[in-house]
Amino acid sequence: MTTYTFMAPCHFGLEAVLKREITGLGYEIAKTEDGRVYFEADAKALCLASLSLRTAERVMLVVGEYEALTWDEYFEGMKKLPWEEYIPREARFWIKKASSVNSRLFSPKDMQSLGKKAIVDRLKQSLHTQTLPETGDDYPIRVFVKKDVVTVGLDTSGDSLHKRGYRKLHGPAPISETLAAALILLTPFGAGRILADPFCGSGTFPIEAALIAGRVAPGLNRDFISEKWTHIAPEKAWRQAREELNEIREEGKRLLEDTTILGYDADGEVLRAARENAGAAGVSGYIHFQKQDVSRFSSSKKYGFMVSNPPYGERMEDRQALEPIYKSLKKIMADNPTWSYYFITSDQSIQKSIGKKPAKKRKIYNGMIRTDYYMYMGPKPAGKGIRFDE
């Protein structure tokens with residue numbers, strides 16, 4: 001049985017969440033870097049990880065790593081990698097993306113062109129051919145150079161894993177599915193609990209919460225570019241992985257019935273999108289969406305979770321509009337002191353406006369934007385045995 005090295009990138013600051021997911025699938029972590037988690041496993045892991053991971057941006061199959069201080073070393077190192085073990089003769093392949101951090105080599109364009117030439121040379125030599133038709137299945141390649149170490153991998157996902165296949169419609173500046181799932185996994189929320197988002201927009205937080213509570217693998221509604229790479233992971237492996245995860249999803253329906261998930265927004269148009277997205281995800285019957293301003297939020301339940309991405313702005317007129325929103329959040333927290341509250345925002349004035357210091361504050365990069373995750377943890381329900389994640 002062949003063992004591969006896989007690398008899963010994620011948002012900076014959420015590596016620990018992804019590590020828990022991977023170990024939860026039964027795989028050992030090889031190493032962790034900023035925004036990347038490596039693990040070693042067999043081909044079945046490609047199927048299960050692709051279908052199951054909620055917080056990874058994609059799954060990379062690492063072909064090799066080597067040091068390169070010059071372009072000659074870069075070319076020769078790329079050529080020495082065993083490409084013939086991964087890329088068939090008819091395959092269409094290209095370096096989809098190259099990036100460099102703190103390295104002597106820094107031109108992505110040169111990395112792409114030289115890297116492609118090196119791979120072509122290797123394949124022609126190893127396959128004993130003068131032509132590579134590139135008329136077959138796609139094999140996109142990604143190159144990362146950090147501190148002069150080149151990491152080369154096949155992009156097994158194709159579209160990023162945040163594209164679950166359910167978000168057909170969305171409002172402005174939606175939070176990504178992978179980030180939303182990670183933020184929920186940083187809370188003790190689970191089946192049988194209550195979760196509310198007063199600024200739900202196109203429904204990402206409520207939908208991801210329903211998928212988590214119902215144990216629904218996030219990749220079941222989409223396909224992956226590597227499903228055609230049958231010499232690495234045969235069709236049977238993909239079929240078995242989907243069957244296993246579909247059985248778990250069926251078992252999870254009962255858990256969802258005992259879970260309360262609420263999505264509110266003042267914009268009726270984006271709520272229409274949220275309902276359609278929830279329907280596409282197969283969880284519309286388990287989420288209550290309602291047009292409602294945050295100032296009208298109330299709950300008769302003693303314990304619950306509020307997880308949200310409140311609006312924020314940089315211009316003076318935008319910031320003035322935030323004052324009543326933060327005032328409403330402050331009142332909600334005062335009226336429901338045993339709830340737990342989790343807000344992600346780049347507006348560092350939120351803590352002062354709410355007037356309460358969070359139990360924890362986690363720095364997370366949403367793309368290139370620095371955000372903070374403010375975690376106001378309420379008391380544990382008696383007898384629940386809930387553990388708050390670090």
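Colleague: How many of the nine residues of helix α5 (residues 177–185) are buried?

Modeller: First, what you're looking at is a predicted model, where local features need pLDDT of at least 70, side-chain atom pairs count only at pLDDT 80 or more, and totals for chains, interfaces and linings use all residues. Residues are numbered from 1 along each chain as its sequence is written, and side-chain values use heavy atoms, with hydrogens and water left out. Buried means under 20% relative accessible area, exposed over 50%, partly exposed in between (1.4 Å probe, protein chains only). Helices (H or I, at least four residues) and strands (E, at least two) are DSSP runs, numbered from the N terminus. For α5, eight of the nine residues are buried, so the rest of the structure largely encloses this helix. The buried ones run from Glu-177 through Thr-178, Leu-179, Ala-180, Ala-181, Ala-182 and Leu-183 to Ile-184.

Colleague: What covers the buried residues of α5?

Modeller: Look for contacts, meaning heavy atoms within 4.5 Å. The cover of α5 includes the helices α1 and α6 (204–213), plus strands β11 (305–308), β12 (340–345), β13 and β14.

Colleague: Those strands must belong to something. What order do the strands take in the open sheet that holds β11 and β12?

Modeller: To read a sheet, find who pairs with whom: two strands pair if DSSP finds at least two bridges between them. Here seven strands form an open sheet in the order β10-β9-β8-β11-β12-β14-β13, with mixed pairing. Its edges are β10 (287–291) and β13, each pairing on one side only. From one strand to the next the twist averages 20 degrees. The angles here run from 0 to 180 degrees between N-to-C directions, using axes fitted as lines to C-alpha atoms (for helices, over the stretch in contact).

Colleague: In which sense do β9 (residues 260–265) and β10 pair, parallel or antiparallel?

Modeller: Parallel, over five bridges. Click on Leu-262 and you'll find His-288 of β10 opposite.

Colleague: How many of the 10 residues of α2 are buried?

Modeller: Nine, so α2 is largely enclosed by the rest of the structure. Its cover includes β1, α1 (15–24), β3 and α7 (235–257). At the start of α2, a side-chain oxygen of Asp-42 comes within 3.2 Å of the backbone nitrogen of Lys-44.

Colleague: Which side chain makes a polar contact with the side chain of Asp-155?

Modeller: A polar contact is a pair of N or O atoms within 3.5 Å; within protein, one must be able to donate a hydrogen and the other to accept it, and residues adjacent in sequence count only if both atoms are side-chain atoms. For Asp-155 the partner is Arg-58, at 2.6 Å. Asp-155 sits in β7 (residues 149–155) and counts as buried because its relative accessibility is 0%. Leaving aside residues up to four places away in sequence, Asp-155 touches several others, including Lys-96, Arg-142 and Trp-229.

Colleague: How many cavities of 30 Å³ or more turn up in the whole structure?

Modeller: Rolling a probe the size of a water molecule over the atoms shows where empty space is left. On a 1 Å grid over the protein atoms alone, a cavity is a set of points where a 1.4 Å probe fits but cannot get out, and lining residues have an atom within 4 Å of a point. The search finds two.

Note on methods. On a 1 Å grid over the protein atoms alone, a cavity is a set of points where a 1.4 Å probe fits but cannot get out, and a pocket is an open set with protein on both sides within 12 Å along at least five of seven lines; lining residues have an atom within 4 Å of a point. Grid points are joined across faces, edges and corners, and a volume is the space filled by probe spheres set on the points.
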